[in-house]
Protein chains: 2
Amino acid sequence: MASSPPEGSPAAGPRIDSRLSERLAELSDLAAATALLGWDRETHMPSQGAGPRGEVLATLERLHHERLADPALGELLAAAGRAAAGEPESDVAAIARVVGRDHERATRIPPELTGRIARATAEALPVWQRARAESDFAAFAPHLERAVELRREVAACFPDAEHPYDALLDAFEPGMTTARARAVLAELRAGLVPLVAAIAERPEPAGLRGPFAVDAQRAAALEIARSFGYDDRAWRLDDAVHPFASAIARTDVRVTGRWDEGDLSGLFAVMHEVGHGLYEAGVAPGLDRTTLGTGVSLGIHESQSRLWENQVGRSRVFWSHWQPRLAGRFSELEEIGLDDLVRAVNVVRPSLIRVDADEVTYGLHVVLRFELEVALVEGALAARDVPGAWNELMRELLGVAVPDDARGCLQDIHWAFGELGYFPTYALGNIAAAQLWDAARGDMPALDDSLAAGDGAPLLGWLRERVHSHGRRLDPAELLMRATGSELDPAPLIRYLTAKYAELYAL
Amino acid sequence: MASSPPEGSPAAGPRIDSRLSERLAELSDLAAATALLGWDRETHMPSQGAGPRGEVLATLERLHHERLADPALGELLAAAGRAAAGEPESDVAAIARVVGRDHERATRIPPELTGRIARATAEALPVWQRARAESDFAAFAPHLERAVELRREVAACFPDAEHPYDALLDAFEPGMTTARARAVLAELRAGLVPLVAAIAERPEPAGLRGPFAVDAQRAAALEIARSFGYDDRAWRLDDAVHPFASAIARTDVRVTGRWDEGDLSGLFAVMHEVGHGLYEAGVAPGLDRTTLGTGVSLGIHESQSRLWENQVGRSRVFWSHWQPRLAGRFSELEEIGLDDLVRAVNVVRPSLIRVDADEVTYGLHVVLRFELEVALVEGALAARDVPGAWNELMRELLGVAVPDDARGCLQDIHWAFGELGYFPTYALGNIAAAQLWDAARGDMPALDDSLAAGDGAPLLGWLRERVHSHGRRLDPAELLMRATGSELDPAPLIRYLTAKYAELYAL
């Protein structure tokens, strides 16, 4: 454990200037409104509301950007930084540093470039949709090429960066660099490729047969969610085509699910989103309306969702509690043995589609995208050559032949949005999840017992103290160091997967 | 009919300055975000979201106010007014006039007064809730007194007004004056009091017995709503404690219902809210994002909800279509005769509570509140004397004895919100509904046939052309004159009610 001051305790230090806190509250409120408008768009909005909704969101985002880039905010932040110089652990120091970085970023990227990106994205999205439907990469290639060019322009706004991809990565994972991500993901790749190959040589266990009635799944998911920390007074569960979590406020958390009668994937999707929600719900109340009252990075966010979904939700101890409780709802759970059930929810199969990938192969899908993105941004790979490079890497990493680009390099929406730098955070999150899991188990020898009793509270308490409560006060690397005593390190994930699947697959 | 240019046709005239239209779009977008946040608060928000939601709404309202009061907007509006001086029917002229008035109002009321009103309201609301629960008017009296004082301060910001209540009324009903409202409501009172007294001497018809399953009511309400013009691609129906309608956009209309198994009041509530929604959905698309793309006043809005709820929904011709169609869902509708059904949904009973009042007595509840409000603002009535005055008027107008203040002057939330000037619009709307109904029937001799066939389209088409499409382009008085050839006139409402209830009650 770290030797720093007790985490989660109210930060001492200088008081925040009221003009600054008013501006931060306004930024937070604009972000909250944007979050609700986005949630509603994916869950309740009638289809014809889409056009005007886009306009309202663009206006709120423009107002948010204007206010974030306001030089007067920059001055207040600089003054706060000077006032808190002697107390680097104070909230004011954290605000000056973190919001100062947001402000700097907002001022560095010129509005006309942001406007060109928005227009390019608006044009690219429908082309990508059509291209994917028709598996016609050539139609999308010029848009991908333009997206890469525009992101290189963004990168050029940060001339101090060591690598142009750094600026893109930093937007999602503050402090992460291309060099560091490269090293970490190379190590992950080296650990996963032989594990996947070894598993592929073993007979595949039987999956679940279903059917699992959707209403019963939704009720079961809510019951599990409550055992994790979902609170009916402050949370909602709705349906959405692509599940997501969104916090309108620390006490107003929206998670969504998607249901398939054929399996229990909907349960795992809800556990995943609840993991995201618990992070947002667990930030220290003192950070409300400071813009620091939210998750610090996509990677740390993903560590929380993956930890509840995989380390908890796909474990034997979890199902030892839930199988008998859910057996009344789903007859298959009455018939199947616990060992077979655990194997059935942990089937590993190298496959084409990232979002359907299992816990082991998932990381390789991310490694592939990261390597291509860096090459694109470096100019070492041309957009038109992406399909060949993609298919080659799929063979190399997963031993899978890609039959068409729809199931290959056109499958994800991220590049259609022009987002480069987002993908690696998925794998960074899985890596951090395994490190936090190790640390939590080290701190709480009885953790398995509580999970076997269907009680998520001890784990949640630990995560609140070590991760959630900090919001954006600590950068990801610092957070991880204090929580686990280590920097980002793929070894615990590789160890966790190797041990787990050695047992499940009798490797 | 009026001799003006064809309504609903695209307005000719000068083009709007792009700087002005950007500002109007921003104001519209902020209002749309506020509308969605409000809708969600009443329909989906978890209870603990209330605190932060209040903050977000206050921030958006402050931003909206700042931008509306911006002197630069005033200059653009003045320039637009000059540019459109020769074309008073153009959209630009309407924008210059209507938004000019909004801007003027926003600049006249100082922000510190708005702030004091917000704080007073925040303090008054919980006191009113407790006072109503305990029927303890004395606890609420000082807050009502302060609310009246604050509204007199608002009125004082408009020194040109003939009467201090004018400024309050004008916020909800542009162009309406105290003198005019007094004359109109006195005439309404003179017509209703003897009608109510005559009905009270007749035996009361049997009401419905129920039960009516809530799910079946919701499905029936949707079916009826669709026949009025509810469009699944652009509307939603949700549940709410107090039904309301809210348009997030012209193509994103949210209506809500509240259900009582004991009667069909939920159906009428939905018809009412759909009437509001159809108004918002029917504004000319050219007014989108101009701030003129919404209903012109609360009175005209209420005319639309009441027309669909009462003139249509409580008519014999309506039930001649819907009774057989809904009989499969509700056994009571199979057994009851059409005449008895129509009588059952039109029971008149002088009673204590405005929101439960029938079509005939409703107006007198409003007359009472209007007379007290004017006396409060004039200083002729002290807040502490409200209960006595209320109870006296209830006896005089409705012949009802008020047993306690909870069921008397503490029943409505409006005064707890400090809203004075709102109540009369309910009666003005009922009056306008009857005028529009007469005009529509005059223009469409086959209107009854279409309603008997369950087809709301002809009536909707007429209302779109005469009322909805104009948005806020025409002031209420001008709108009514063009649509009906008459100014606001209670005679058609009194005639309609007298004829309808003479038949139902064999007067």
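Axes are lines fitted to C-alpha atoms, for helices over the stretch in contact, and angles run from 0 to 180 degrees between N-to-C directions. The model is predicted: local features need pLDDT of at least 70 and side-chain atom pairs count only at pLDDT 80 or more, while totals for chains, interfaces and linings use all residues. Residues are numbered from 1 along each chain as its sequence is written, and chains are lettered from A and ligands numbered from 1 in the order in which they are written.

**Figure 1. Helices H15 and H16 of chain B cross at roughly 145°.** H15(B) covers residues 362-378 and H16(B) covers residues 386-398; helices (H or I, at least four residues) and strands (E, at least two) are DSSP runs, numbered from the N terminus. The two axes come within 10 Å. H15(B) passes H16(B) in a right-handed crossing, that is, the near helix is turned clockwise from the far one by less than a right angle. On H15(B) the contact is made by Leu364(B), Val367(B), Leu368(B), Glu371(B) and Leu372(B). H16(B) contributes Val386(B), Ala389(B), Trp390(B), Leu393(B), Met394(B), Leu397(B) and Leu398(B). Residues are in contact if their C-beta atoms, placed from the backbone, lie within 7 Å. Eleven residues of this contact are nonpolar, none is polar and one is charged. In these classes Ala, Val, Leu, Ile, Met, Phe, Trp, Tyr, Cys and Pro are nonpolar, Asp, Glu, Lys and Arg are charged, and the others, Gly among them, are polar.

**Figure 2. Three strands of chain B form an open sheet.** The order is E1-E3-E2 and the pairing is mixed; strands pair if DSSP finds at least two bridges between them. E1(B) and E2(B) are the edge strands, each pairing on one side only. From one strand to the next, the twist averages 20°. Across E1, E2 and E3 of chain B lies H1(B), which runs at about 140° to E2(B).

**Figure 3. Strands E2 and E3 of chain B are joined by a hairpin.** The link between E2(B) and E3(B) is two residues. E2(B) spans residues 245-249 and E3(B) spans residues 252-257; their antiparallel pairing runs over four bridges. Ala245(B) stands opposite Val255(B), and Ser246(B) faces Arg254(B) in the pairing. Five of the five residues of E2(B) are buried, where buried means 20 or more other C-beta atoms within 10 Å of the residue's own, exposed means 12 or fewer, and partly exposed is in between.

**Figure 4. Chain B meets chain A through 27 residues from each chain.** On the side of chain B, helix H1 (18-43), helix H2 (50-68), strand E1 (235-239) and E2 each supply at least two residues. H1(B) gives the largest share, seven residues. This side of chain B has 13 nonpolar, six polar and eight charged residues.

**Figure 5. Ala33(A) and Ala33(B) touch the most other members of the largest nonpolar core.** The core has 281 residues; a nonpolar core is a set of buried Ala, Val, Leu, Ile, Met, Phe, Trp, Tyr and Cys residues joined through C-beta atoms within 7 Å. Helix H1 of chain A (residues 18-43) gives the most to this core, with eleven residues. Leaving out residues up to four places away in sequence, Ala33(A) touches Leu60(A) in its own chain and Ala33(B), Leu37(B), Val56(B) and Leu60(B) in chain B. In soluble globular proteins, nonpolar side chains tend to be buried together.

**Figure 6. Gly461(B) lies in helix H19 of chain B.** H19(B) covers residues 457-466. Gly461(B) is partly exposed because 17 other C-beta atoms lie within 10 Å. Gly461(B) and Gly229(B) are 232 residues apart in sequence, and their C-alpha atoms are 9.8 Å apart in space.

**Figure 7. A cis peptide bond runs from Gly210(A) to Pro211(A), and another from Gly210(B) to Pro211(B).** Omega is near -5° in chain A and near -5° in chain B. Pro211(A) sits in the loop between helix H8 (178-200) and helix H9 (214-228) of chain A. In chain B, Pro211(B) sits in the loop between helix H8 (178-200) and helix H9 (214-228).

**Figure 8. Ser135(A) has a positive phi, as does Ala506(A).** Phi of Ser135(A), a residue other than glycine, is near 50°. Ser135(A) belongs to the loop between helix H5 (111-134) and helix H6 (137-156) of chain A, and is partly exposed, with 15 other C-beta atoms within 10 Å. Phi of Ala506(A) is also near 50°. Ala506(A) lies in the segment after helix H21 (491-504) of chain A, and is exposed, with 8 other C-beta atoms within 10 Å.

Notes
Two residues are in contact if their C-beta atoms, placed from the backbone, lie within 7 Å.
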